[in-house]
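I opened my notebook to look through a protein structure step by step. Come along and check each entry against the picture.

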Amino acid sequence: IGVMLEPTHEPDVHGMEITSFSPESNGLKAGLAEKDIITGIDDIPIKEMDDVRIAMLDKLPGETVTIRVSRKTGDTTRDARSIKVVLHRPTPQRPHP
C-alpha cells in the first residue's frame with residue numbers, strides 16, 4: 001500500500017500509525033493520510049506490525065484490500081473509515097546492458 005508505519009501513541013486507539021508514504025503510494029492515491037491509524041486490513045485487526053505482515057502475506061499485486069483507519073477529525077475526536085486500496089503492481093525492470 002506504500003506506507004511507512006510505527007506504533008501509535010494514542011491511548012484509546014490500537015493500531016499502526018501512518019508516518020509517511022512511498023513516492024508511488026496507492027494508499028495515498030486511495031485517500032489514506034499521514035497520522036491515520038490503521039486498525040484493520042480486510043478482516044484482520046491490526047495492533048502491531050506483525051499483524052500487518054500477516055494480513056498482507058497472501059495478497060497479490062492488483063488485488064484490492066480494505067484498510068480500516070481511525071482518523072483525527074478534531075482536538076479530541078476520531079472518525080472510523082474504510083478505504084479500498086489496490087495493491088501496487090511493480091514496474092518491470094529492464095535488464096542492465
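Here are my entries, going from the overall picture down to single residues.

**Entry 1: Confidence**

I noted before anything else that this is a predicted model. I looked up the confidence, and the mean pLDDT of the protein is 91. I also saw that 91% of the residues reach 70 or more. Among the elements, strand 3 (residues 37–41) has the highest confidence, at a mean of 97. Strand 6 (residues 78–86) has the lowest, at 94.

**Entry 2: The overall layout**

I looked up the helices and strands and found two helices and six strands. Reading from the N terminus, I wrote down the order β-β-α-β-β-α-β-β. Along the principal axes, the C-alpha atoms fill a box of roughly 55 × 25 × 20 Å.

I then asked how many of the 97 residues are buried, as a percentage. My note says that buried residues make up 30% of them. The protein exposes about 6600 Å², and carbon and sulfur atoms supply 53% of that area. For contacts with a separation of 6 or more, I found that 46% join residues 24 or more positions apart.

**Entry 3: The nonpolar core**

I remembered a general point here: in soluble globular proteins, nonpolar side chains tend to be buried together. In this model, the largest nonpolar core has 16 residues. Which of them touch the most other members? I listed Leu32, Ile38, Ile41, Ile46 and Ile67. Two or more core residues come from each of strand 2 (16–21), strand 3, helix 2 (49–56), strand 5 (64–72) and strand 6.

Leaving out residues up to four places away in sequence, Ile67 touches Ile1, Leu32, Ile38, Gly40, Ile41, Arg81, Ser82, Ile83 and Val85.

Ile46 came next, and I found this residue in the loop between strand 4 (44–45) and helix 2. Is Ile46 buried or exposed? The relative accessibility of Ile46 is 1%, so it counts as buried. With the residues up to four places away set aside, I counted His14, Gly15, Met16, Ile38, Thr39, Gly40, Ile41, Asp51, Val52 and Ala55 as its contacts. I also checked Leu60, which is 14 residues from Ile46 along the chain; their C-alpha atoms are separated by 19 Å.

**Entry 4: A buried charge**

Asp51 was in the contact list of Ile46, and I located Asp51 in helix 2. Asp51 is buried, yet I found no salt bridge for it. Where is the nearest side chain of opposite charge? That side chain is Lys47, 7.0 Å away. A salt bridge needs a nitrogen and an oxygen within 4 Å. Apart from neighbours within four places in sequence, Asp51 is in contact with Ile44, Pro45 and Ile46.

**Entry 5: Salt bridges**

I started from another general point: side chains of opposite charge can pair when their charged atoms come close. My count for this protein is six salt bridges, and I looked at some of them.

One of them joins Lys29 and Glu24, at 3.7 Å from N to O. Both Lys29 and Glu24 are exposed.

Another joins Arg71 and Asp36, at 2.7 Å from N to O. Arg71 lies in strand 5 and Asp36 in the loop between helix 1 (26–30) and strand 3, so this pair ties together parts that are 35 residues apart in sequence. Arg71 and Asp36 are both buried.

I also noted the salt bridge between Asp42 and Lys59, with the closest N and O atoms 2.9 Å apart. This pair links distant parts of the chain, 17 residues apart. Asp42 is in the loop between strand 3 and strand 4, and Lys59 in the loop between helix 2 and strand 5. I found Asp42 partly exposed, with a relative accessible area of 23%, and Lys59 is partly exposed at 23% as well.

**Entry 6: Ser20**

My last stop was Ser20, in strand 2. The relative accessibility of Ser20 is 25%, so this residue counts as partly exposed. Not counting residues up to four places away, Ser20 touches Gly2, Val3, Met4 and Glu34. Lys35 is 15 residues from Ser20 along the chain, and I noted 8.5 Å between their C-alpha atoms.

Note on methods: Residues are numbered from 1 along each chain as its sequence is written. This is a predicted model: local features need pLDDT of at least 70, side-chain atom pairs count only at pLDDT 80 or more; totals for chains, interfaces and linings use all residues. Side-chain values use heavy atoms; hydrogens and water are left out. pLDDT is the predictor's confidence in each residue, from 0 to 100. Helices (H or I, at least four residues) and strands (E, at least two) are DSSP runs, numbered from the N terminus. A nonpolar core is a set of buried Ala, Val, Leu, Ile, Met, Phe, Trp, Tyr and Cys residues joined through side-chain atoms within 4.5 Å. Buried means under 20% relative accessible area, exposed over 50%, partly exposed in between (1.4 Å probe, protein chains only). Contact means heavy atoms within 4.5 Å. Lys and Arg count as positive and Asp and Glu as negative; His and the chain ends are not counted. Accessible areas come from the Shrake-Rupley method with a 1.4 Å probe; for residues, only the protein chains shown count as cover.
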